[in-house]
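Subject: Structure handover

Hello,

Here is the structure we talked about, with notes on the side-chain contacts. Please look it over alongside the sequence.

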Amino acid sequence: MPIMEDKFVINIGRQLGSGGKAVGEAIAQRLGIGVYDKQLINLAAEQSGLCPEVFERVDEKESRNLFSTLVAYLRSPFVGSEYAGSNVLSNDALFKIQSDVIRDIAARESCVFVGRCADYILRDHPRAVNVFVAADRADRCERLCRQCGITPGEAEARMDREDARRAAYYNYYSSGTWGMASTYHLCVDSSVLGIDGTVDFVLEFVERKLGVKPGAI
């Protein structure tokens, strides 16, 4: 589907606990556009005819080893865009389904995508802003403890585990490096400006790059 010239996308990568999801949601609200995160799982399930649990199992996880991937493809009737009816699909095939959903949404509307390698999937989009949100480790830990009701030790372990998983997923499927400045248009530390200040900063960057500002859509 061709992309309409006036449509734009903001893709947000984020460290766990950095507030990246909150930043994405606030940006979308300020601009009056949609934001897609976990909703992509249900949309991909609807398009493919597979249950959402299949996508949740591999959500932002890199592919299994090559042998498992080949076995999954051989056992699956997956051909081209025919996704339905398959009980066994490789992570790569599921990634392709979700990628098609992301491209379809981006072609229809301006929106914000959080994670899911959207910046790489939409690398040919003519009006995209790719942002990575990081934060001080202590701030991330405190935010997770507050939001999830867990101990600092649990938060630290979750941060390390989740960031490693996101990095492996992104580095496997994209040509960039997760969290590296050269991969994105803008990297920002939310600990410096706070969530609201980070939203303002990103929106100013979006306005300068795309000529889009709140209230103009």
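Arg137 is partly exposed, at a relative accessible area of 34%. Bear in mind that this is a predicted model. Arg137 makes a salt bridge to Asp160, with 2.8 Å between the closest N and O atoms. Arg137 belongs to helix H7 (residues 137-148) and Asp160 to helix H8 (residues 152-173), so the contact ties together parts that are 23 residues apart in sequence. Asp160 is partly exposed too, with 44% relative accessibility.

The total for the structure is 13 salt bridges. Two others sit within a single helix each:

- Glu142 pairs with Arg146, the closest N and O atoms being 2.6 Å apart. The two residues are 4 apart in helix H7, which is about one helical turn. Glu142 is partly exposed, with a relative accessible area of 43%.
- Arg208 pairs with Glu204 at 3.4 Å, N to O. Both are in helix H9 (residues 190-210), again 4 residues apart and about one turn of the helix. Arg208 is exposed at 68% relative accessible area, while Glu204 is partly exposed at 40%.

There is also a network of salt bridges that links Lys21, Asp37 and Arg116.

Now the aromatic residues. The whole structure holds 8 aromatic pairs. In one of them, Phe95 and Tyr173, the ring centres are 4.0 Å apart and the planes are at 10°; an angle under 30 degrees counts as stacked, so this pair is stacked. The pair links distant parts of the chain, since Phe95 is in helix H5 (residues 91-108) and Tyr173 is in helix H8, 78 residues apart.

Phe132 and Trp178 form an edge-to-face pair, with 5.1 Å centre to centre and 90° between the planes. This pair also links distant parts of the chain: Phe132 is in strand E4 (residues 128-134), and Trp178 is in the loop between H8 and strand E5 (186-189), 46 residues apart. Phe132 is buried at 4% relative accessibility, as is Trp178 at 16%.

Phe95 and Tyr173 come up again in an aromatic cluster, together with Tyr169 and Tyr172.

The charged end of Arg123 sits over the ring of Tyr120, 4.0 Å from the ring centre.

Regards

Notes
Residues numbered from 1 in each chain as written. Predicted model: local features only at pLDDT ≥ 70, side-chain atom pairs only at ≥ 80, totals over all residues. Heavy atoms only, no water. Salt bridge = Lys/Arg side-chain N within 4 Å of Asp/Glu carboxyl O. Buried < 20%, exposed > 50% of the residue type's maximum accessible area, 1.4 Å probe, protein only. Phe/Tyr/Trp six-rings, centres within 6.5 Å; stacked < 30°, edge-to-face > 60°. Lys NZ or Arg CZ within 6 Å of the ring centre and 35° of its normal.
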